[in-house]
Amino acid sequence: MATKCENCPLRRRDIFLSMTTEEVAIMQRFKVGELVVDAGATILMEGSNSPQLFTALHGMGLRYKYLQNGKRQVVNLILPGDFIGLQAGIMGQMGHSVEATTKMTLCVFDRSTIWNFFKDNPKRAFAITWLAAVEEHFLGDALATVGQRDALQSVAWALAKVFLRGEALGLVNNRQMPFPYRQQDLADALGLSLVHTNKTLAILKGRQMAHWSDGTLSVSDIHALADIAMLDDTNVQERPIL
């Protein structure tokens, strides 16, 4: 059975802003069901005009683009609480694809009602706008990483950002969190070769800062990792959830 918004497990996490009883009821009316997809399933295809919007309730995925020459750019990783499909909801089609990396459960919303949702629920509409601004901010950081951080700094930045967010989501236990991606995914996100990515990960492991193996990311010293990444702030900002 679909999870009721009042029982949403994500709302118990400190990373997400609290919602009033009225706001929870609004989201319950906006939600039309849940979708469970297997690892490797395409949730949204670049160029598609999906009739649905999603929030990741459980599981992880990634967003990516393919160029005409077959090269792939990973745009970012999807973690629980992420809102998916807004691009098609506003612009009419997706500019990137979305794929499930693990089995995922998605809250489903009817895209055709989004304009009435904005009109009738300005506070909830602002939450969507806020999430879009967060995405823009992240992409700015990612672009600065690809353009200005060296390989060691880039890999440290990616691992630190994911680990900090995983910690805020309650995914970290004994300094370890699920990280069910491939080294090629990380390489495609940072504009590095697979060989360079592998060697850089080995350096971080040798320095006993971070180790990634068998789908698990272990970080023994997040502050040292953040220093290498030139991350000024290791706090994770509270964010709305839909």
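Trainee: Which residues of helix 6 (residues 183-190) are buried, and what makes them so?

Mentor: Asp185, Leu186, Ala187, Asp188 and Leu190 are buried. Buried means under 20% relative accessible area, exposed over 50%, and partly exposed in between, with a 1.4 Å probe and protein chains only. The model is predicted: local features need pLDDT of at least 70, side-chain atom pairs count only at pLDDT 80 or more, and totals for chains, interfaces and linings use all residues. Residues are numbered from 1 along each chain as its sequence is written, and side-chain values use heavy atoms, with hydrogens and water left out.

Trainee: What do the buried residues of helix 6 pack against?

Mentor: Their partners include strand 4 (61-66), strand 5 (72-78), helix 4 (122-148) and helix 5 (151-168). Contact means heavy atoms within 4.5 Å.

Trainee: Why are helix 4 and helix 5 called roughly antiparallel?

Mentor: They pack at about 155 degrees, with axes 9 Å apart. Axes are lines fitted to C-alpha atoms, for helices over the stretch in contact, and angles run from 0 to 180 degrees between N-to-C directions. Angles under 35 degrees count as roughly parallel, over 145 as roughly antiparallel, 65 to 115 as roughly perpendicular and the rest as oblique. Helix 4 and helix 5 are therefore roughly antiparallel.

Trainee: What is the angle between helix 5 and helix 7 (194-206), and what is that called?

Mentor: The angle is about 75 degrees, again with axes 9 Å apart. The two helices are therefore roughly perpendicular.

Trainee: Which residues meet where helix 5 packs on helix 7?

Mentor: Ala151, Leu152, Val155, Ala156 and Leu159 of helix 5 meet His196, Thr200, Leu201, Ile203 and Leu204 of helix 7. By class, this contact has eight nonpolar, two polar and no charged residues. Ala, Val, Leu, Ile, Met, Phe, Trp, Tyr, Cys and Pro count as nonpolar, Asp, Glu, Lys and Arg as charged, and the others, Gly among them, as polar.

Trainee: What makes a group of residues a nonpolar core?

Mentor: The members are buried Ala, Val, Leu, Ile, Met, Phe, Trp, Tyr and Cys residues joined through side-chain atoms within 4.5 Å. The largest such core here has 62 residues, and Leu159 and Leu225 have the most contacts inside it. Helix 5 gives the most to this core, with 11 residues. Not counting residues up to four places away in sequence, Leu225 touches several residues, among them Ala156, Leu159 and Leu204.

Trainee: How do you know that strand 4 and strand 7 (residues 97-100) pair?

Mentor: Two strands pair if DSSP finds at least two bridges between them. Strand 4 and strand 7 share four bridges, in the antiparallel sense, and they therefore count as a pair. Within strand 7, Ala100 is the bridge partner of Gly61.

Trainee: What is the order of the open sheet of three strands?

Mentor: The order is 9-11-10, with antiparallel pairing. Three bridges join strand 9 to strand 11 (residues 216-219). Helix 5 lies across strand 9, strand 10 and strand 11, at about 90 degrees to strand 9.
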